[in-house]
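Hi,

Here is the structure I promised to pass on. Have a look at it first, and then read my notes below.

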Amino acid sequence: MIPSSTVFYGAVISPTSLTTYLALPHALLSVSTAGEIEWLEHDVPASQLQDVLARHGILSDVDLVEIRKGEFLMPGFVDTHTHAPQVPNIGSGQQHELLDWLAEVTFPMEARFGDVEFARGAYLPIVKRFIDSGTTTCCYYGSLHLDSTKALADIVHASGQRAFVGKCNMNRNSPDYYVEPSAQDSMQATRDLISHIRALPPKHPQRSEKPNAADALVQPVLTPRFAISCTPELLTSLGELAASDRSLAIQTHISENESEVVFTKSLFPPELLRCAPHPIHGSVTYAGVYEAYGLLRENTILAHAVHLEPKEVEIIKRTKAGVSHCPTSNFNLRSGCAKVGMLLDHGIKVGLGTDVSGGFSPSILTAVQHASICSKVVALESSADSSASGTDKFASRQLPVATLLHLATLGGAQVCNLEKRIGSLEPGKAFDALVVSVRSDAGNPGIWGFDLDQDFGLDHVEGDRGRRKTEKKELEAMLERFLFCGDDRNIRRVYVQGRSIGGKEFRA
Ligand SMILES: O=c1[nH]c(=O)c2nc[nH]c2[nH]1
Ligand SMILES: [Zn+2]
């Protein structure tokens, strides 16, 4: 735990909207012992440091952490969708599309997590790997096994990461060796996991005497694997459980692959959905299936959303569910390019997901890079489409750096319904942050090391104004380089709720 108020002095980057972010070369940021951001001063010259500290009542006893030149603080990454028991499969089976890949590659590996000792041994380095990649909040799918998923939750809790942990609900269309025997068994195990996770002790001083569910670092999440793997009876029970507790988050997959969409519609025909708990009349959509069972709301995370119909976009918008954009996986399993810009134009919350091992990297940095490329593919396709209107803000354009930063941090926080707690470095939020270094001593050759004055053509701008402008440009360039060429070597420290939990310099 950090001692009484820790104050960070140096460069800070923090998203403020989908198109803007703060780039502050000389910021001063204070973090309380409870791990909350107390205040943020935007521009403090070194000569005024002591005066500003004194104004905040800090006269001597302060732990001042200097963020050196070539480094910056930024909010931690939010991975809104990944599969912990698929990490051992990273990089295998890329020849398949979704449904074959599940059967041939994924279910056999997940089934091995039925052995709790195997799961414990595997999950420890897996969780560490996500943390060292800069992920401060992670939405984990476990396997279908109760005890192994409890072990995952315990390991995440012990590591200090903020997370949602769920066990898969799957009682049909799965192999005999990897399927739950009944809807009742699936629900019993789900309730057991929720109780287990909610009984985990708090890891830090509580903000109030009456902490709410969102204050817990590790939260349970209902995890119907996807509609195909759940019977109507199981979806009905999950919807009832969700209705009885609105704080329970929900995560699932939607419209990832064309064959998956066709299969889903065949399993949920109109006559079935007319009798569902929330009856749907008219034509069936994938999103309509989840809505019919009461599974779409402000804390629902929908992974992929590649092949959405216009009607589904309206359903997602109306229900305030969020979308986890998983571009690495969408490319790798040949699923397609999600129309992220179009979703943003509709005001839908979007974050990023690594979706390991459909995605072959546990790092949100890779997802950022592929989100950029995906948006360029969509932009290329829409410029070839003469019917495109061109009046949109995002839909037919490549995503700028500010938007990519937003998706990786604040957008992810919105998707998790945690935007009041995390996602940006603002007073009142938890200090979930990264110390990023693009210095040459970070050991990632080529990420930095050019002459800034020449590169930005600002050497002619004189005086204080010129210096400030240069420093801001330099910081913005550092961010872009980190997002596109950075990796774990550039992540010196990872903080969650003010506690250092990982990064290159971390020693347990
Ligand atoms: O990318 C995916 N990974 C999975 O494990 C999965 N299960 C259902 N649908 C899925 N999509
Ligand atoms: Zn997935």
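Before the notes, one term: a crossing of two helices is called right-handed if the near helix is turned clockwise from the far one by less than a right angle, and left-handed if the turn is anticlockwise. Also, please keep in mind that this is a predicted model.

With that term in hand, look at helix H3 (residues 116-132) and helix H4 (residues 146-159): they pack at an angle of about 35°, and their axes are 9 Å apart. The way H3 passes H4 is a right-handed crossing. On the H3 side, the residues that meet H4 include Ala 119, Tyr 123, Leu 124 and Val 127, while H4 brings in Ala 151, Leu 152 and Ile 155, among others. Sorted by class, this contact has 10 nonpolar, two polar and three charged residues.

Next, the core. The largest nonpolar core has 138 residues, and Leu 29, Leu 73 and Val 165 touch the most other members. This core lies between domain 1 (6-75 + 426-502) and domain 2 (77-200 + 211-415), because both give residues to it. If you click on Leu 73, you can find its contacts with Phe 8, Leu 29, Ile 67 and Leu 425, among others.

Is Phe 394 buried or exposed? Phe 394 has 23 other C-beta atoms within 10 Å, so it counts as buried, the cut-off being 20 or more. Among the residues Phe 394 touches are Gly 341, Leu 344 and Asp 345. Asp 345 is 49 residues from Phe 394 in sequence, yet their C-alpha atoms are 6.1 Å apart in space.

Cheers

Definitions and conventions: Residues numbered from 1 in each chain as written. Chains lettered and ligands numbered in written order. Predicted model: local features only at pLDDT ≥ 70, side-chain atom pairs only at ≥ 80, totals over all residues. Axes fitted to C-alpha atoms, helices over the stretch in contact; angles between N-to-C directions. Helix = DSSP H or I, 4+ residues; strand = E, 2+ residues; numbered from the N terminus. Contact = placed C-beta atoms within 7 Å. Nonpolar A, V, L, I, M, F, W, Y, C, P; charged D, E, K, R; others polar. Core = buried A, V, L, I, M, F, W, Y, C linked by C-beta atoms within 7 Å. Buried ≥ 20, exposed ≤ 12 C-beta atoms within 10 Å, placed from the backbone. Domains from an automatic or database assignment. Lists of a residue's contacts leave out its neighbours within four places in sequence.
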